[in-house]
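Please view the sequence and the structure before turning to the points below.

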Amino acid sequence: CFAVGPKLFQYVIKVIVQAIQLLYTMLKIDQPSYILLQNPPGLPSIAVAWVACLFWRSKLIIDWHNYGYTIMSLNHGRNHPLVQIAKWYEKFFGRLSDYNLCVTNAMKEDLWVSCNIKAVTLYDKPASYFKETPLELQHHLYMKLAKDYEPFKPRTESLSSNAERTAFTEKDEKNGHVIKTRGRPALLISSTSWTEDEDFSVLLKALEDYERYINEGVKLPSLVCVITGKGPLKEYYNGLINKLHFKHIQICTPWLEAEDYPLLLGSADLGVCLHKSSSGLDLPMKVVDMFGCCLPVCAIYFECLHELVKHDENGLIFRDSNELAEQIKVLFLGFPTLEGKLHNFRKNLRASKQLRWDESWDQTVLPLLGQNE
């Protein structure tokens, strides 16, 4: 209990200081009609935004992407005093908002049932720069990555001195024409913030099974697995990756420049998502971005994932590493010549012509604000 005391005290002081700084900053801006706040993080910003709205006579809109207290509970456990205080705070101040948006119908229902908050579902949508990457741009990106990362370098020596080559593409120097190399590896991508809500050992175990399938003679391509992002558990997982000695799989964990991330998604063959929602009520933004690039996905199951990933239509949902390994095997059988499920998923994603973020906002939020003027 003594250990909780000083830590709790430090936390309270930190929140008070942040609240004062935030309020001071907000009261210096020109009077807004609306203040739009994304939660989490909501401590202390919900209360501060509400006070600022009282001062400005503005309307407060909360965009609920998750609950902050469920994220805190990953570290402290559900019954920790801090988590209980955060839960009370979120519900109490959340009810003081004028309008509420949320990212799933499951969250909309939970907000109503547990907090008496009426919300409108506004699904996350990809920004316009998340799209399929043309072959010339793919080649340019692979050439750039090959400078620093071994898996992108060509596997064999070039037969022609006129060809500029990567592991995936080659460009004829004379006419500038780019083609995909024969016998190229499949490119699998996963992105993460390397935090507790994503267990990457699931993917590593599935890759071990995939390697075993190849050794047993299953006709599968070699694999380049790219895991992007940075975060607290990156070093831990890099340690695990270094202990794996694969012959047919290469794993790299690059830190990409912001403009290269959508290009790599738009060049990949399959995305893998290991995000498990802390509340079970939000959807992984990385899958939204992958779908914007028409990239089929294997995603780990949680309660409301079906609102985004339609199993056997735009991707597959798995529950453990065995199921993931089996799915990767099925999707890459006979790659790249056989046009199987992977091709159908991509076709379905292209055909779905999903709304972009600004279009979705115009359709869902503007009428909500207009009717309450």
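The notes that follow cover the domains, their interface, a salt bridge and a set of paired strands.

The model is predicted, so local features need pLDDT of at least 70 and side-chain atom pairs count only at pLDDT 80 or more, while totals for chains, interfaces and linings use all residues. Residues are numbered from 1 along each chain as its sequence is written, and side-chain values use heavy atoms, with hydrogens and water left out.

**Domains**

- The domain assignment gives domain 1 (28–125 + 360–370) and domain 2 (135–352); such bounds come from an automatic or database assignment.
- The centres of domain 1 and domain 2, taken over C-alpha atoms, are 34 Å apart.

**Interface of domain 1 and domain 2**

- Domain 1 gives 17 residues to the contact and domain 2 gives 12 residues, where contact means heavy atoms within 4.5 Å.
- About 1100 Å² is buried between domain 1 and domain 2, and carbon and sulfur atoms give 59% of this area; buried area is the accessible area (1.4 Å probe) that two parts lose on being put together, summed over both.
- Leu74, Thr104 and Asp124 supply 36% of the area that domain 1 buries against domain 2, more than any other three residues.
- The rule finds 8 residue pairs in polar contact across this interface, both residues being at pLDDT 80 or more. A polar contact is a pair of N or O atoms within 3.5 Å; within protein, one must be able to donate a hydrogen and the other to accept it, and residues adjacent in sequence count only if both atoms are side-chain atoms.
- On the side of domain 1 that touches domain 2, the elements giving two or more residues are α3 (68–76) and α5 (105–115). Helices (H or I, at least four residues) and strands (E, at least two) are DSSP runs, numbered from the N terminus.

**Salt bridges**

- The structure holds 13 salt bridges, each being a side-chain nitrogen of Lys or Arg within 4 Å of a carboxyl oxygen of Asp or Glu.
- Across the interface of domain 1 and domain 2, the rule finds 0 salt bridges.
- Arg346 forms a salt bridge with Glu132, with 3.9 Å between the closest N and O atoms.
- Arg346 lies in helix α12 (residues 341–352) and Glu132 in the loop between β4 (120–121) and α6 (135–146), so the pair ties together parts 214 residues apart in sequence.

**Paired strands**

- Strands β5 (residues 163–165) and β6 (residues 169–172) run antiparallel and are joined by 3 bridges; two strands pair if DSSP finds at least two bridges between them.
- A hairpin of 3 residues joins β5 to β6, and Arg165 has Glu170 in β6 as its bridge partner.
- β6 also pairs with strand β7 (residues 178–180) in the antiparallel sense over 3 bridges, with Thr169 opposite Lys180 in β7.
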